Amino acid sequence: MQLDECRISLACQNDSRRLYACIIVEEEGTLIINRSEIAGSAGTIGIYCNGGKVNIRECSFKDHGGIAILMSGNKSANLVVKNSNFTSCSYAVILNGPFTSSI
């Protein structure tokens, strides 16, 4: 999937006991996102990847009480983040598995 110049928000989600993802990338999936904003609130994840490829350029992640980008699972995944910013996020990036990344 490719997203260009989009605004995605889960700002109405206020339950910090559960995590909700704005975008989910499953095994073998590919996400290319350019010049976009992903906003959240308490208990949100901007992008959750469970194997696959995520390529992020010139994006803004803000107000995620959970995690801006979470890479998790047993499958190999690839993350590239360029010229992006993370504002008011509990965690910017968490890699939990056999992943490669370039930030």
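This is a predicted model: local features need pLDDT of at least 70, side-chain atom pairs count only at pLDDT 80 or more; totals for chains, interfaces and linings use all residues.
**View 1. The open sheet of 4 strands, in the order 2-5-8-11.** The 4 strands of this sheet are paired in the parallel sense, and the twist from one strand to the next averages 10°. Strand 2, formed by residues 7-9, and strand 11, formed by residues 85-87, stand at the edges with a single partner strand each, so that one side of each is left without a neighbour in the sheet. Strand 5, which covers residues 37-39, is joined to strand 8, which covers residues 60-62, by parallel pairing over 3 bridges. Within this pairing, Ile38 is found opposite Phe61 of strand 8.

**View 2. The salt-bridge network of Arg7, Glu37 and Lys62.** Side chains of opposite charge can pair when their charged atoms come close. Arg7, in strand 2, meets the side chain of Glu37 in a salt bridge with an N to O distance of 3.3 Å. This pair links distant parts of the chain, since Glu37 belongs to strand 5 and Arg7 to strand 2, 30 residues apart. The C-alpha atoms of Arg7 and Glu37 are 4.8 Å apart in space, and their side chains are also joined by a polar contact of 3.3 Å. Glu37 forms a further salt bridge with Lys62, for which the closest N and O atoms are 3.9 Å apart. Because Glu37 lies in strand 5 and Lys62 in strand 8, this second pair ties together parts that are 25 residues apart in sequence.

**View 3. The salt bridge between Arg35 and Glu5.** The count of salt bridges comes to 3, and one of them joins Arg35 to Glu5, with the closest N and O atoms 3.2 Å apart. Both partners are loop residues, Arg35 in the loop between strand 4 and strand 5 and Glu5 in the loop between strand 1 and strand 2, and the pair links parts of the chain that are 30 residues apart. At 40% relative accessibility Arg35 counts as partly exposed, while Glu5, at 58%, counts as exposed.

**View 4. The surroundings of Ser36.** Ser36 lies in the loop between strand 4, made of residues 29-34, and strand 5. Ser36 has a relative accessible area of 5% and is therefore buried, the cut-off being under 20%. A polar atom of the Ser36 side chain lies 3.0 Å from the backbone nitrogen of Cys6, and the side chain of Ser36 also reaches the backbone oxygen of Asn34 at 2.9 Å. When neighbours within four places in sequence are left aside, the residues in contact with Ser36 are Leu3, Asp4, Glu5, Cys6, Glu58, Cys59 and Ser60.

**View 5. The open sheet of 5 strands, in the order 1-4-7-10-13.** The pairing in this sheet is parallel, and its edges are formed by strand 1, residues 2-4, and strand 13, residues 99-102, each of which pairs on one side only. Neighbouring strands of this sheet are turned against each other by 5° on average, direction ignored. Strand 1 pairs with strand 4 in the parallel sense over 3 bridges, and in this region Asp4 stands opposite Asn34 of strand 4.

**View 6. The stacked rings of Phe61 and Phe86.** A pair of aromatic rings is described by the distance of the centres and the angle of the planes. A search of the whole structure finds 1 aromatic pair, formed by Phe61 and Phe86, whose ring centres are 5.2 Å apart and whose planes make an angle of 10°, a stacked arrangement. The pair links distant parts of the chain, with Phe61 in strand 8 and Phe86 in strand 11, 25 residues apart. Phe61 counts as buried, at 0% relative accessibility, whereas Phe86, at 27%, counts as partly exposed.

Definitions and conventions:
Residues are numbered from 1 along each chain as its sequence is written. Side-chain values use heavy atoms; hydrogens and water are left out. Two strands pair if DSSP finds at least two bridges between them. Helices (H or I, at least four residues) and strands (E, at least two) are DSSP runs, numbered from the N terminus. Axes are lines fitted to C-alpha atoms, for helices over the stretch in contact, and angles run from 0 to 180 degrees between N-to-C directions. Buried means under 20% relative accessible area, exposed over 50%, partly exposed in between (1.4 Å probe, protein chains only). A polar contact is a pair of N or O atoms within 3.5 Å; within protein, one must be able to donate a hydrogen and the other to accept it, and residues adjacent in sequence count only if both atoms are side-chain atoms. Contact means heavy atoms within 4.5 Å. Rings of Phe, Tyr and Trp (its six-membered ring) pair if their centres lie within 6.5 Å; planes under 30 degrees apart count as stacked, over 60 as edge-to-face and the rest as tilted. A salt bridge is a side-chain nitrogen of Lys or Arg within 4 Å of a carboxyl oxygen of Asp or Glu.
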